[in-house]
Amino acid sequence: MSYLFVEYPKCTTCKKAKKWLEENNVNFIDRDIKLENPTKEELKSWLDKSGLEIKKFFNTSGVLYREQGMKDKVKVLSQEDLLEILASDGMMVKRPLIIGEDKVLVGFKEAEWQSSLK
């Protein structure tokens with residue numbers, strides 16, 4: 001099985017995750033979130049597969065998140081509006097993401113990846 005690995009190559013967490021994937025022989029296709037931003041449809045699909053709340057998909061430590069006052073907006077905007085915001089700029093999306101047929105992992109937590117991808 002091959003996974004889609006969505007990353008920002010300059011991100012240190014993404015680099016760690018990519019190294020982990022390679023060391024654990026996980027097949028993946030690499031995608032730079034800055035060059036190929038996820039579409040609203042992709043994000044909706046990933047959200048549904050993940051079982052997570054939409055706020056987990058936001059890069060809360062990003063400059064863009066703070067500049068746009070997203071902390072308050074994620075509490076009041078509709079899922080539709082939030083998906084539009086995520087799709088508008090890849091830097092708004094938490095990364096890395098690993099997407100499989102039946103699972104989506106957001107952010108790199110080694111123990112979680114170990115149990116889900118092995």
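Select Asn25 to begin. Asn25 is exposed, because its relative accessibility is 68% and exposed means over 50%. Its place is the loop between H1 and strand E2 (27–32). Check the backbone here: phi of Asn25 is near 50°, a positive value in a residue other than glycine. Keep in mind throughout that this is a predicted model.

**Back along helix H1**

Glu22 counts as partly exposed, because its relative accessibility is 48%. Tyr8 and Glu22 are separated by 14 residues in sequence, and their C-alpha atoms lie 17 Å apart.

**The aromatic cluster**

Next select Trp20. With a relative accessible area of 5%, Trp20 is buried. Show the side chains of Phe5, Trp20, Phe28, Phe108 and Trp113 together; these five residues make up one aromatic cluster.

How many aromatic pairs are there? The count comes to 6 aromatic pairs.

Take Trp20 with Phe108. The ring centres of Trp20 and Phe108 are 6.4 Å apart and the planes meet at 55°, so this pair is tilted. It links distant parts of the chain: Trp20 belongs to helix H1 (residues 12–23), while Phe108 belongs to the loop between strand E4 (104–106) and helix H6 (110–117), 88 residues apart. Phe108 is buried, with a relative accessible area of 18%.

Trp20 is in helix H1 and Trp113 in helix H6, so the contact ties together parts that are 93 residues apart in sequence. Trp113 has a relative accessible area of 0% and is therefore buried.

Return to helix H1 and select Lys18. Across the structure there are 8 salt bridges; one of them joins Lys18 to Asp30, with the closest N and O atoms 2.5 Å apart. This pair also links distant parts of the chain, Asp30 being in strand E2 and Lys18 in helix H1, 12 residues apart.

Are Lys18 and Asp30 buried or partly exposed? Lys18 is partly exposed, with a relative accessible area of 24%. Asp30 is partly exposed as well, at 35% relative accessibility.

Move to Lys40. Which residues does Lys40 pair with in salt bridges? Glu80 is one partner, with the closest N and O atoms 2.3 Å apart. Lys40 lies in helix H2 (residues 40–50) and Glu80 in helix H5, so this bridge ties together parts that are 40 residues apart in sequence. Glu84 is another partner of Lys40, and there the closest N and O atoms are 2.8 Å apart. Glu84 is also in helix H5, so this bridge to helix H2 connects parts that are 44 residues apart in sequence.

Lys40 counts as buried, because its relative accessibility is 18% and buried means under 20%. Both glutamates fall into the partly exposed class: Glu80 at 46% relative accessibility, and Glu84 with a relative accessible area of 44%.

**A cis peptide bond**

Go to Pro96, in the loop between helix H5 (79–88) and strand E3 (97–99). Display the backbone from Arg95 onward. The peptide bond from Arg95 to Pro96 is cis, with omega near 0°.

**The positive patch**

For the last stop, switch to a surface coloured by charge and select Lys55, Lys56, Lys71, Lys75, Lys94 and Lys109. These lysines gather in a patch of positive charge on the surface. Lys71 is in helix H4 (residues 70–76). It counts as exposed, because its relative accessibility is 58%.

Technical notes
Residues numbered from 1 in each chain as written. Predicted model: local features only at pLDDT ≥ 70, side-chain atom pairs only at ≥ 80, totals over all residues. Heavy atoms only, no water. Patch = residues over 30% accessible without salt bridge, like charges linked within 9 Å, V, L, I, M, F, W, Y side chains within 5 Å. Areas by Shrake-Rupley, 256 points an atom, 1.4 Å probe, with all protein chains shown as cover. Salt bridge = Lys/Arg side-chain N within 4 Å of Asp/Glu carboxyl O. Lys, Arg positive; Asp, Glu negative; His and termini not counted. Charge placed at Lys NZ, Arg CZ, Asp CG, Glu CD. Helix = DSSP H or I, 4+ residues; strand = E, 2+ residues; numbered from the N terminus. Buried < 20%, exposed > 50% of the residue type's maximum accessible area, 1.4 Å probe, protein only. Phe/Tyr/Trp six-rings, centres within 6.5 Å; stacked < 30°, edge-to-face > 60°.
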